[in-house]
Amino acid sequence: MKDIDLDKLVKAIEKGKKVTFFNGAGISTSAGIPDFRSPDTGLYSNLAKLNLPYAEAVFDIDYFKEDPKPFYTLATELMPGQFPPTKFHYLIKLFQDKNKLNRVYTQNIDTLERLAGVEDENIVEAHGSFASNHCIECKEEMSSNTFKDLMEKGIPNCESCKGYVKPDIVFFGEGLPKKFFSSWDDDCDNVEIAIIAGTSLTVYPFASLPSEVDKKCIRVLANKEKVGDLGSRKDDILALGGCDEFAEKIARSLGWEKELDKLYDEGQNKYTTKKESEQEKIEDIKFELKKVDIKESKFKNEDKDEVDIDVSNLIEKLKI
Ligand code: CNA
């Protein structure tokens, strides 16, 4: 990104223009959550173990009704609570704190914008999120705690009708939340600065939002690659590279660098403390396992079939 481009953006922000964010999975990769489409690291190139007929089937509602297991396997890996927000997420929070945020449209289901402190009224989770769960048959809501408990034991079934319970993530074949359409009706003509970040802009209708904003709007692409029609308008700014590096650069130019570092460090500390207590529990389990010398033992289950337990593998898995 050329500094001259950055100046244009910074001046517009300083003049009081508000920012609307359009986020995708790339803003959360540095938190440890894989995106869909990055070669090698993206979820789609790592789905072989789930034996799917095609990669997108994992998020297809008809496929889910037939075989929900692949989704729950993936959901366990993506479940919120395991990943801390990134610098980019905290940059959005800073825009909010300084009354320079118009709205955040996000395709992400990881709730990291919320976790960073962005208020519900400022977020439009276009593809839903893990924040709530419903039975796909009778639509009864299940609390996140019950859902998590049941997921640990297997597939969560509705307590009333036994139907599958799914987080309110929008699957292929399902409609987007009403909030997406009503907010966009309000915002569409009023976007002054659009920051489009970490998205391949391939999932519609979200992908068309940046091309629907007014021609006078400053559009900024913070992404590893050029996507959509970004770069086709004279005021477009292409900031090709990592989202966190972009956040650092913007914060520095606006004089918010220390505040960004503080928010980020506090967020990381909360997460590290949680991880440490989990690690302590793991150490306790390892200690107990060592007391009974079961290294290569054979166990019998209720059906009297012999089952091999590979303790070293178990311990490896417990390291999370
Ligand atoms: P995508 O299609 O996987 O594209 C990601 C884009 O981000 C690509 O253009 C990458 O080059 C780019 N990118 C990856 N890492 C970085 C980085 N560190 N800095 C800058 N750019 C980067 O993902 P989209 O969001 O466009 O696709 C929409 C899907 C993805 C939505 O339906 C989401 O629900 C879904 N998804 C969400 C998450 C999440 O919530 N974190 C994770 C995986 C998939």
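Is Lys-234 buried or exposed? In this predicted model, Lys-234 counts as exposed, because its relative accessibility comes to 77%. Its salt-bridge partner is Asp-235, with the closest N and O atoms 3.6 Å apart. Asp-235 has a relative accessibility of 22%, so it counts as partly exposed.

The model has 15 salt bridges. One of them brings the side chains of Glu-248 and Lys-87 together at 3.2 Å, N to O. Glu-248 belongs to helix α9 (residues 243-254) and Lys-87 to helix α4, so this pair ties together parts that sit 161 residues apart in sequence. Glu-248 is partly exposed at 30% relative accessibility, whereas Lys-87 is buried at 13%.

Another salt bridge links the side chains of Arg-103 and Asp-187, at 2.8 Å from N to O. Here a strand is tied to a helix: Arg-103 lies in β2 and Asp-187 in α7 (residues 178-187), so parts 84 residues apart in sequence are held as a pair. Arg-103 is buried, with a relative accessible area of 16%, and Asp-187 is buried too, with 4%.

On the surface, Lys-11, Lys-15, Lys-17 and Lys-216 gather in a patch of positive charge. Lys-216 sits in the loop between α8 (209-212) and β8 (218-223), and its 71% relative accessibility makes it exposed.

Now for the strands. Three of them form an open sheet in the order β5-β4-β6, with antiparallel pairing. The edges are taken by β5 (141-142) and β6 (165-169); each has a single partner strand, so one side of each has no neighbour in the sheet. Strand β4 (residues 128-135) is joined to β6 by 4 bridges, and Cys-135 has Val-165 in β6 as its bridge partner.

Tyr-204 and Pro-205 are joined by a cis peptide bond, with omega about 10 degrees, and Pro-205 falls in the loop between β7 (193-197) and α8. Asn-99 is not a glycine, yet its phi is positive, at about 55 degrees. This residue is in the loop between α4 (87-97) and β2 (101-106) and is exposed, at 55% relative accessible area. Thr-111, also not a glycine, has a positive phi of about 60 degrees. Thr-111 lies in the loop between β2 and α5 (112-115), but is buried, with a relative accessible area of 9%.

How values were computed. Residues numbered from 1 in each chain as written. Predicted model: local features only at pLDDT ≥ 70, side-chain atom pairs only at ≥ 80, totals over all residues. Heavy atoms only, no water. Patch = residues over 30% accessible without salt bridge, like charges linked within 9 Å, V, L, I, M, F, W, Y side chains within 5 Å. Areas by Shrake-Rupley, 256 points an atom, 1.4 Å probe, with all protein chains shown as cover. Salt bridge = Lys/Arg side-chain N within 4 Å of Asp/Glu carboxyl O. Lys, Arg positive; Asp, Glu negative; His and termini not counted. Charge placed at Lys NZ, Arg CZ, Asp CG, Glu CD. Helix = DSSP H or I, 4+ residues; strand = E, 2+ residues; numbered from the N terminus. Buried < 20%, exposed > 50% of the residue type's maximum accessible area, 1.4 Å probe, protein only. Pairing = 2+ DSSP bridges.
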